[in-house]
Amino acid sequence: MAFKTFAVAGAGHIGAFIAEELVKQKAAGKVNEVVVLTRPTSTNPATKKLAAEGAKVVAVDYTSKASLLSALARIKVIICTFDPSAFAAQDALAEVTKEAGVQLFVPSEFGNPTENANEGRLAAKKNFQGKLRALGLPYALFFTGPFPDYCFLPFLGLDLASGKVSVGGDGNALISWTCRRDIARYVAHVLTTLPNEKILGRTFRIEGERTSFNNIFKAYEAKTGKKLDITYRTSSDLEAAVKSNPNDSGSLLHLAWSIGGGTVGKEEDVTNGEFPDWNPLKVVEPLPPYVQERFLTLKTVKSFLSAMVNYSVVTRDAESDNTEDADKIRSTALVRSVSGMSNEIEVTLAQVQAVIDEVQGHSIPISSFEEFLQARSPERRSYIIRQPHRKDVFILKVTHPSQPTSPSHAQNTLAAEHAFLTNLRTNSSLRLPTFHALDTSLSLIPYHYLLLSARLGTPLQFARAKLTARQNLQVDLRLGCYLKQLHDIQNDWFGTPKQEHAGLYSWQEAFTLLLEEVLAVAEKMIQEGRLGVKLPMEDMHRYLSRAIGFYLFDDCEVPSFVWFTGGEDAIFVDMSGDSEMEPPITSFVGFDHALWGDPLLEQLFVDPSAALLSGYGDPLIVFPRQKTKRLWYTLYTALLVLIEKEGCEDEKVSWAKEAVDKCVNELKDAPCY
């Protein structure tokens, strides 16, 4: 009997394809349910497309057993497509799989065989197979070789755009190549067609084409009429390059391929026959006349290398830390978006390393580098950077050097955020990131950047479930005290830093300007079908006119520091201590929307606990009009979330949609007197 219910963990460069093919099987009646697991902070646009096509997108906390068990209810097959930086999530899934009733676990393989791996990321994959056996979990492996629709990149010496390519050895070594769409079609077919006994415990070795670089180049020249300039690098040259620079991942790959490390196994062991109508693409078919120069983030390179290279074939200095090599890859590719969106921000590992080296005065290789999605926007990216043996992490925020004039409600500039942090460090006892650099010179990277460091810990939103009732009360009391400290810091004018030039001395004037800006953007997005909620604009403006007429917002007379969008996803606690003691708050991050205004605007006051209010001290809502004011603040916050997270479907967006509907209904008859 074939499997009918599936969960795909990760919807990235291979997972999105697999989920899409399973959804097609669902439409054909062969599958009952397809669940796509994402993190609550994910802004991956692929999940929205998958949801529209019939998948169920579920945000899960991989540190919460309850969250995982709930997401895996009725699921019989888990397919993991994580990159190496997320292997901890794969471990977490394995721990709950049996209890959830899952019958098959497909781990993150989808690359070169791992059975003979002794070190590096491939060995980590091999060791995970041992964990699955120890847990008594049936599993299936899929070895696919490299992806021709993904890896012909200048970074790897395969610069088809310029016509210059370089390969290891004589170019005749055979490599198993399989396009990602074809991998997804094969996986979906065998898992929904073959009987269980032909899947459980099996290794599938597939290849779209087994061929050499020389054959690929010959076919490419015939297809395009373009002559390639080919350079052949000897094994000794590649070994010397890797020995002198273990981070030379291009040489690392070509060395592995040149000595036979690129196939999925013996030809007689290939399992293409399990899908008789498969008909996968040949390598040259997905290659356009030229491949646009792409920008490789560390995450992309790590994911690619981890799937393709068996590090045990490479000679290294005895002093190198082999298990960390996959995390130390440096990319020198230029910034260029495949889609042609020239304003898209992308940062390479080499650029980040240069920034860190400048601050530290010497070079310590970065062990991991990932985007911090909580503060993501088209104009800004934030990255979490880790180094070996360092307890705190670096936080790098970057923006375009030439930004068009942004509205007052948009994210604060890096300089404004730095100014807020400096003020808070001087006038409060909050645990805040340490400042290292604010650079607009463009001398190191082609962006303005702010570099901070902090001891993060666990986001409070995820820690809550692990805390006792007493600990939650203690944390809320502490938060109330900290918020009071923030709001006791005062200013001469109201509004966001972008409103400073207006010299606004009325909170009602400052806030209504912000609100009307956001309402105008929301109205345009509604007309274009992009906001995801309905908003009766005529009614909203009538309600707002009534509020202004009653001076609803003018009972705030002193401009206080307001964190505003800071929530439990931006508050980190240390969970490593005594399980009965109060967990210390390690850091507050994300002052992207901080402003000077009414303390009641604070997002943490949307639904505050009694303990938080007790720690804060002063009463917030005494009269009915103050409750109405809080409704307007919630509406403003929710619209801001929907505008800035357009195209995303996560927990915060779901909250925002519900909040908009609730506020619109309640504002209709809300008192302003």
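# Reading a predicted protein model

Tutor: The protein has 19 helices and 22 strands. Helices (H or I, at least four residues) and strands (E, at least two) are DSSP runs, numbered from the N terminus. This is a predicted model, where local features need pLDDT of at least 70, side-chain atom pairs count only at pLDDT 80 or more, and totals for chains, interfaces and linings use all residues. Residues are numbered from 1 along each chain as its sequence is written, and side-chain values use heavy atoms, leaving out hydrogens and water.

Student: What percentage of the 673 residues is buried?

Tutor: Buried means under 20% relative accessible area, exposed over 50%, and partly exposed in between (1.4 Å probe, protein chains only). Here, buried residues make up 56% of the 673.

Student: How do I read the sides of a helix?

Tutor: An α-helix has 3.6 residues a turn, so residues three or four places apart point the same way. Take helix H8, residues 235-244: Leu 238, Ala 241 and Val 242 are buried. They cover an arc of only 95° around the axis, which puts them on the same side of H8. That arc is taken from the directions from the helix axis to the C-beta atoms.

Student: Which residues are exposed on the other side of H8?

Tutor: Ser 236 and Ser 244 are exposed there.

Student: Which residues have the most contacts inside the largest nonpolar core?

Tutor: A nonpolar core is a set of buried Ala, Val, Leu, Ile, Met, Phe, Trp, Tyr and Cys residues joined through side-chain atoms within 4.5 Å. The largest has 89 residues, and Trp 507, Phe 561, Phe 588 and Trp 632 have the most contacts inside it. Helix H18 (residues 624-644) gives the most to this core, with eleven residues. Domain 3 (349-454) and domain 4 (463-668) each supply at least three residues; their bounds come from an automatic or database domain assignment. A second, separate core has 37 residues, including Val 106 and Ile 183.

Student: Where is Phe 561?

Tutor: Phe 561 sits in strand S19 (residues 560-562). At 1% relative accessibility, Phe 561 counts as buried. Contact means heavy atoms within 4.5 Å. Leaving aside residues up to four places away in sequence, Phe 561 touches Phe 420, Leu 424 and Trp 596, among others. Phe 561 and Leu 424 are 137 residues apart in sequence, yet 9.1 Å apart in space, C-alpha to C-alpha.

Student: How many disulfides does the structure hold?

Tutor: A disulfide is a pair of cysteine sulfur atoms within 2.5 Å. This structure holds zero. Cys 80 is buried, at 0% relative accessible area. Cys 663 is buried too, at 2%.
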